[in-house]
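Reader: Could you take me through one part of this one, up close? I'd like the hairpin and whatever its strands pair with.

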Amino acid sequence: MSHSATLPDPDLALTLSVNGKQEEVHVPVQATLLDVLRERLHLTGTKKGCDHGQCGACTVHVDGQTHLSCLTLALSCEGRAVTTIEGLAPEGGLHPMQAAFIEHDAFQCGYCTPGQIMSAVACVEQAQAGNADAIREFMSGNLCRCAAYPQIVAAIQDVAGTSGQGAGAGQ
Amino acid sequence: MRPFTYVRAQEVGEAAGQPGRFLAGGTTLIDLMKLDVERPAQVTDITALPLVDIAEHGGGVRIGALASMAQVADHPLIAARYPALRNALLAGASQQIRNMASMGGNVMQRTRCPYFRDTSFTACNKREPGSGCGAIAGHHRKQAVLGTSDACVALHPSDASVALVAYGAILTLRGPDGEREVSLEDFNLLPGQTPHLEHDLREGELITAITLPAPPAGSGVYLKVRDRESYEFALSSCAALLDVQDGVIRAARVVLGGVGTKPWRSPEAEAALTGQPATRETFENAARRALAGATPLEQNAFKVPLTARVIVRALLAAQAGEAADGHGDGQTADQGGRA
């Protein structure tokens with residue numbers, strides 16, 4: 001048993017691997033990964049939308065897989081590699097998917113965009129971007145209230161090199 | 001979310017017998033803790049336990065309870081032998097949730113009934129025994145039409161469990177006093193007058209594995225119908241396994257989702273299929289038998305004729321899969337849109 005604590009005891013010390021760095025934080029037992037990223041590590045690119053695993057705005061990578069940080073207990077992430085939108089590209093640079101989202105105008109308000117991009121990167125890395133239908137299915141857990149879906153699919157197809165494969169008429 | 005005692009278990013024996021709740025993928029538990037529906041005094045994190053293997057086992061497959069929905073759906077043994085399970089998993093959640101959610105947790109997931117999930121409603125017999133049912137006289141469009149009682153009509157939400165029951169899944173449970181096995185079909189309980197009792201799971205028991213026997217001969221289909229094309233719970237679904245020889249049905253399994261208070265196996269439909277010619281008329285008769293005991297309410301009455309059509313379509317697809325590949329792994333000819 002490596003942890004055993006209750007509030008209102010002092011906060012728990014926790015070491016997280018975030019974007020390749022070991023970060024020591026002090027958190028209450030019930031803290032989610034999302035809240036720790038935003039409020040302790042000040043990585044505010046990851047967004048809080050519904051906070052119940054329904055919208056995808058909080059999507060990050062945990063050990064290379066897309067996860068919903070709002071439904072992830074921070075304490076359960078010790079020893080796992082977390083990547084956020086801030087960790088996709090070196091400081092000042094853009095990941096090709098970020099560049100493609102700009103190129104294709106794949107957002108309006110931008111609130112869902114970090115989560116969209118984290119899923120989009122995984123979609124291409126995991127070879128699930130073979131055609132527009134496959135992309136739409138992979139991305140179905142990322143909602144966009146501005147309905148930029150056709151442009152998001154186009155950006156992903158651009159990066160995957162599958163433009164024109166089953167693009168159909170947008171949605 | 002209320003605070004709790006957090007324990008991270010390193011071994012199965014250490015986890016078994018712990019009070020409170022076990023934390024695996026967290027997609028149900030953390031959600032319900034935020035809603036204040038779940039209020040465990042202790043949470044035992046079991047994510048470090050070595051229960052992720054998926055391997056051949058006695059002609060079938062043994063799935064570690066911590067294998068994720070994504071790992072199971074993508075495993076070659078599952079794709080080749082249990083296509084209805086693969087498609088139920090793919091249709092069952094978004095990619096993120098499939099990456100997180102464990103198979104044991106999927107079996108344990110709680111209803112989406114809004115009166116259960118929202119504590120501002122005082123009446124929910126499942127959440128507060130004896131408090132009444134808000135759904136029966138209230139909003140119940142998505143709730144169950146099979147296996148209901150006057151105390152509860154809450155729908156069992158799992159897609160994967162429907163396919164697992166069709167394939168005869170056995171759960172291995174580890175408790176403080178040792179291990180036992182129970183079929184998933186028997187594991188889920190009907191609500192009756194005790195809808196707060198959902199499973200045959202004793203205090204401190206942990207699901208450690210889900211074992212599938214060798215798949216039956218023939219082909220398997222999972223067909224799911226929902227309000228939108230993806231990322232939505234079922235209004236109605238059917239796992240159909242069909243073995244047809246020379247135009248005659250040798251064996252059939254029919255399990256329904258989106259309509260039952262538990263994954264709903266229909267022995268009536270299976271009896272109406274077995275030994276009969278594999279025709280639409282036979283399938284329509286089986287569908288009628290499956291739904292003869294339905295107890296719909298005003299807003300969910302549509303599920304009865306909808307489910308009859310879902311059953312027929314799933315059986316036709318299973319038959320077509322059988323015809324297409326002779327007698328073998330049974331591709332899903334029809335998954336109701338994308339899987």
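Author: Start at the turn: A:Asn19 takes a positive phi near 55° in the hairpin of β1(A) and β2(A), where two residues sit between the strands. Keep in mind that this is a predicted model, so local features need pLDDT of at least 70 and side-chain atom pairs count only at pLDDT 80 or more, while totals for chains, interfaces and linings use all residues. Residues are numbered from 1 along each chain as its sequence is written, and chains are lettered from A and ligands numbered from 1 in the order in which they are written.

A word on terms: strands (E, at least two residues) and helices (H or I, at least four) are DSSP runs, numbered from the N terminus. Two strands pair if DSSP finds at least two bridges between them.

Strand β1 of chain A covers residues 12-18 and strand β2 of chain A covers residues 21-27, and their pairing is antiparallel, over seven bridges.

B:Leu23 stands opposite B:Asp45 in β3(B). These strands belong to an open sheet of three, ordered β1-β3-β2 (chain B), with parallel pairing. β1 (5-8) and β2 (21-23) of chain B stand at the edges with a single partner strand each, so one side of each has no neighbour in the sheet.
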